[in-house]
Amino acid sequence: MQYVERVLAELKEKNPNEPEFHQAATEILNGLKPVIEKHPEYEKAALLERFVEPERVILFRVPWVDDKGNVHVNKGYRVQFNSAIGPYKGGLRFHPSVNLSIIKFLGLEQILKNSLTGLPIGGGKGGSNFDPKGKSDNEIMKFCQSFMTELYRHIGQDTDVPAGDIGVGGREIGFLFGQYKRIRDEHVGVLTGRGLTYGGSLVRTEATGYGLVYITAEALKARGDSFEGKTVVISGSGNVAIYACQKAQQLGAKVVAMYDSNGYIYDPKGIRLDVVKQIKEVERARIKEYANRVKGAEYHEGCKGIWTIPCDIALPCATQNEIDEVSAKALVKNGVKYVGEGANMPSTLEAIEVFQKAGVVFLPAKAANAGGVATSALEMAQSSGRLFWTFEEVDAKLKNIMVNIYHNMDAAAKEYGVEGDYVAGANIAGFIKVANAMMAHGIV
Ligand code: NDP
């Protein structure tokens, strides 16, 4: 059996019941085949076996008391996957669906994404099956304090630097940081996505969405095109979706649809982002409200229908596996030309195949949404240097990083004979640096 196939088979056998982890590993390792063939020394060093095995997995109990005095117990996770090129770095996700499989898939992706940014950060991910929806600020604070009371001993500015993800935004990072500082008595850059008054960076809030649009704009530019006048569909209405929408609109595109986990809105005149921000960021209400407030807009229950709306560019920005084969075929039939993944692994393996066969320019998550972690690394640099860069400075660095990622994955795809296949290109470009560092460190 070939090396990649053998490692994948062993991974599935040793990690049963982890379908998302299997899916991410399959996509990554298959994309790496051209590199593996060129480097027989990797097999001798069991490099892939070590690459897919986290350096450390931390599982812990998170007990907390709600406003009525009831005691709850959630699961806490931190997977410290790979520190070959820098301290572990990756977000925390609070969502009822969180389990070890999801955290491991996200952590594995994160290794290559972080490498792609060109910055010295390793890969990690964490979270909890806690559901922040419907909880009071006090309950969120209690939960975050309990979570950090265990997590603090495993992280540090040179060890592991978590950030936000689904369900973990500025409010949660604030509570987590407050508790860390209280226990450790250290005001350091141990978490990113911090508020601007206590060590945060300008542009971090916008970074993932802006970065997604910057890299998509570069792909358009390489084909003599631009966002100007394009029809765009964006899934989600959280942090990534909102700022992808903002930047796409600034570049002249018309965003016609967005969703939350209950259903989608369609506004043929173009989404009014001020209304979405009021509903989702200020009121923390449901996207359904949009149709009550904006004339001519429609609300449809359920999410899948969003992919049947004709568009030139689709930017999935909500969650994993939101575009399956059927949705991908509907998008292609309706003329989609570009798909940029703002969320992590939003397209199933079958959906990716549909896009690639149809000649759609497909920008995979680990490249397309790397702007968030890249700006987190810029936040770390500012924290270490006790500096504070302007919005324009950070934004310019972010744009530059995204443009470089595009050209690096494009060049890697060409070099390894898979031109235009950015799934392979991103995996290869990210992997080479990590593999070199792992080989240099010996068998560790
Ligand atoms: P948020 O929590 O801010 O927003 C998530 C959005 O997706 C919400 O609109 C939410 O709807 C929707 N959503 C979540 N789960 C589901 C589901 N199962 N079905 C349908 N809709 C769902 O998260 P982010 O915007 O931060 O993250 C979105 C994606 O981007 C994730 O995949 C994340 O890993 C990825 N990402 C985020 C980065 C960041 O910097 N924030 C960096 C890189 C990647 P509802 O409001 O109903 O819950």
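Trainee: Which residue has its backbone nitrogen 3.3 Å from a polar atom of the side chain of Ser101?

Mentor: First, this is a predicted model: local features need pLDDT of at least 70, side-chain atom pairs count only at pLDDT 80 or more, and totals for chains, interfaces and linings use all residues. Residues are numbered from 1 along each chain as its sequence is written, and side-chain values use heavy atoms, with hydrogens and water left out. A polar contact is a pair of N or O atoms within 3.5 Å; within protein, one must be able to donate a hydrogen and the other to accept it, and residues adjacent in sequence count only if both atoms are side-chain atoms. The side chain of Ser101 has its polar atom 3.3 Å from the backbone nitrogen of Phe21.

Trainee: Is Ser101 buried or exposed?

Mentor: Look for Ser101 in helix H6; helices (H or I, at least four residues) and strands (E, at least two) are DSSP runs, numbered from the N terminus. Buried means under 20% relative accessible area, exposed over 50%, and partly exposed in between (1.4 Å probe, protein chains only). Ser101 has a relative accessibility of 3%, so it counts as buried.

Trainee: Which strands make a β-α-β unit with helix H6?

Mentor: H6 covers residues 100-116, and the unit is right-handed. That word applies if, with the strands pointing away from the viewer, the path from the first strand over the helix to the second runs clockwise. The two strands are S3 and S4.

Trainee: How many residues of strand S4 are buried?

Mentor: In a regular strand the side chains alternate between the two faces of the sheet. Here Gly123, Lys125 and Gly127 point one way, and Gly124, Gly126 and Ser128 the other way, yet all are buried. S4 is largely enclosed by the rest of the structure because its buried residues number six of the six.

Trainee: Which residue of S4 is the bridge partner of Arg93?

Mentor: Two strands pair if DSSP finds at least two bridges between them. For Arg93, the partner in S4 is Gly127.

Trainee: How far is the side chain of Arg93 from an oxygen atom of the ligand?

Mentor: The ligand also has an oxygen atom 3.5 Å from a backbone N or O atom of Gly238, and one 2.9 Å from a polar backbone atom of Asn239. For Arg93, an N or O atom of the side chain sits at 2.9 Å.

Trainee: How many residues surround the ligand?

Mentor: A residue is near a molecule if one of its heavy atoms lies within 4 Å of it. Among the closest are Asp165, Thr208 and Arg286. The count of residues around the ligand is 26.

Trainee: What is the phi of Asn17?

Mentor: Most residues other than glycine have a negative phi. Asn17 lies in the loop between helix H1 (3-14) and helix H2 (19-31), and it is exposed because its relative accessible area is 73%. Its phi is a positive value, near 60°.

Trainee: What is the relative accessibility of Asp185?

Mentor: Asp185 lies in the loop between helix H8 (170-184) and H9. Its phi is positive too, about 55°, although it is not a glycine. Asp185 counts as exposed because its relative accessibility is 71%.
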